[in-house]
Amino acid sequence: TTTKYSSPSPLSSTTLRFSTKSASTTSTATSSSTSTSAGSQLLTKEQGKDALKYCENLVRRHENEQFLCAMLAPEGTYAVLITLRAFNIETASVRESTTNQTTGQIRLQWWRDALDRLYAGDETQDLLKQPVVAMLHILLRRYRLPKELFLDVISARERDLETTEAPQSITQLIDYSEKTQGSLLDLALHTLIVHDHDYTAAFEAARHCGRCIGLSTLLRATPFVAYRGLTYLPNDLLTDVGENVGTLLQALQDKKLTPPLKAVIHEVAKTALNELECASSLLKKCPRDVNKIMLPVLPHKHYLQTLNEYDYEICHPKVIEPSGFAPLSLRLHLRWAAWRGL
């Protein structure tokens, strides 16, 4: 039986409780792998706050839309959502920040080993110097977050690291999106599970939302990765219309996509919107808190609609949203959806 944990306000990192006593007395789901003696010996309250602050800054800087969504999440889930997004950033950035495949594999293996030690209760102060790992150490003492979902994310990043080829098909893109973004939403949902509630529709919706987010994210990355000779557009769709990464790069340099390239982008975007439609129908059956966990899909819906409005010109200034805070209209839309539901 898994119960919902009593947690502090999601809007204040300073109120998050890190003591062993508060973690152990608010749950009946504490397992032997998260023994009550470990946390207080390895992390002080101040170190816990510093770890959360690091994750907040990381997410605000790299995924500001996700940060805004976390601010509107169900009470007690803020720290979890911020930590999951920070984990996503740390693992996703490996490919871009390493100069060769071997170095990237070593870094991803480090995350595998860190998770093994966290779930085995074999943490050390040296390991917990990494702030995201420190936050995972704290949260795993409160929630039963399935280890295999974290490993799915890492496995997908490893496969991404192993090749510079375009994905062979849109099915491969969907699988990658589900293993990354879908797994992260699935993990977030585990903070809401309460006894005698059926969350089948919620977990299915999370997978559909994850696919939509993943496909949208890969489309948004297209103008930037193309300049490194890469593309996430499916190879079979490009081949069918007589295009490749070279012609894509030339079109991006000319700032004018050809009709065949637009057709490929349209197909990926349409698939993402279909996934969102499936999720929306399932979320109508779910509690409001589940809808709040799925808020991260809304900025991607906004992006896909904007992409359609500007005829799938992925380099149009109105399509490539500026860095920093999301537009006011998006923030208002998020608040409305958090109150009304998706």
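1. Asp 175 pairs with Lys 179 in a salt bridge, with the closest N and O atoms 3.4 Å apart. A salt bridge here is a side-chain nitrogen of Lys or Arg within 4 Å of a carboxyl oxygen of Asp or Glu. Both residues sit in helix α10 (residues 170–189), 4 residues apart, about one turn of the helix. Helices are DSSP runs (H or I, at least four residues), numbered from the N terminus.

2. On the basis: this is a predicted model, where local features need pLDDT of at least 70, side-chain atom pairs count only at pLDDT 80 or more, and totals for chains, interfaces and linings use all residues. Residues are numbered from 1 along each chain as its sequence is written, and side-chain values use heavy atoms, with hydrogens and water left out.

3. Asp 175 is partly exposed, at 34% relative accessible area. Lys 179 is partly exposed too, at 24%. The cut-offs: buried is under 20% relative accessible area, exposed is over 50%, and partly exposed lies in between (1.4 Å probe, protein chains only).

4. Arg 207 and Glu 178 also form a salt bridge, at 3.7 Å, N to O. This pair links distant parts of the chain: Arg 207 is in helix α11 (residues 200–225) and Glu 178 in helix α10, 29 residues apart. Both are buried. Shared partners join Glu 178, Asp 186, Arg 207, Arg 211 and Glu 275 into one salt-bridge network.

5. The structure holds 17 salt bridges. One of them joins Lys 147 and Asp 116, at 2.6 Å, N to O. Lys 147 lies in helix α9 (residues 147–161) and Asp 116 in helix α7 (residues 101–120), so the pair ties together parts 31 residues apart in sequence. Lys 147 is partly exposed at 25% relative accessibility, and Asp 116 is partly exposed at 35%.

Conventions. Helix = DSSP H or I, 4+ residues; strand = E, 2+ residues; numbered from the N terminus.
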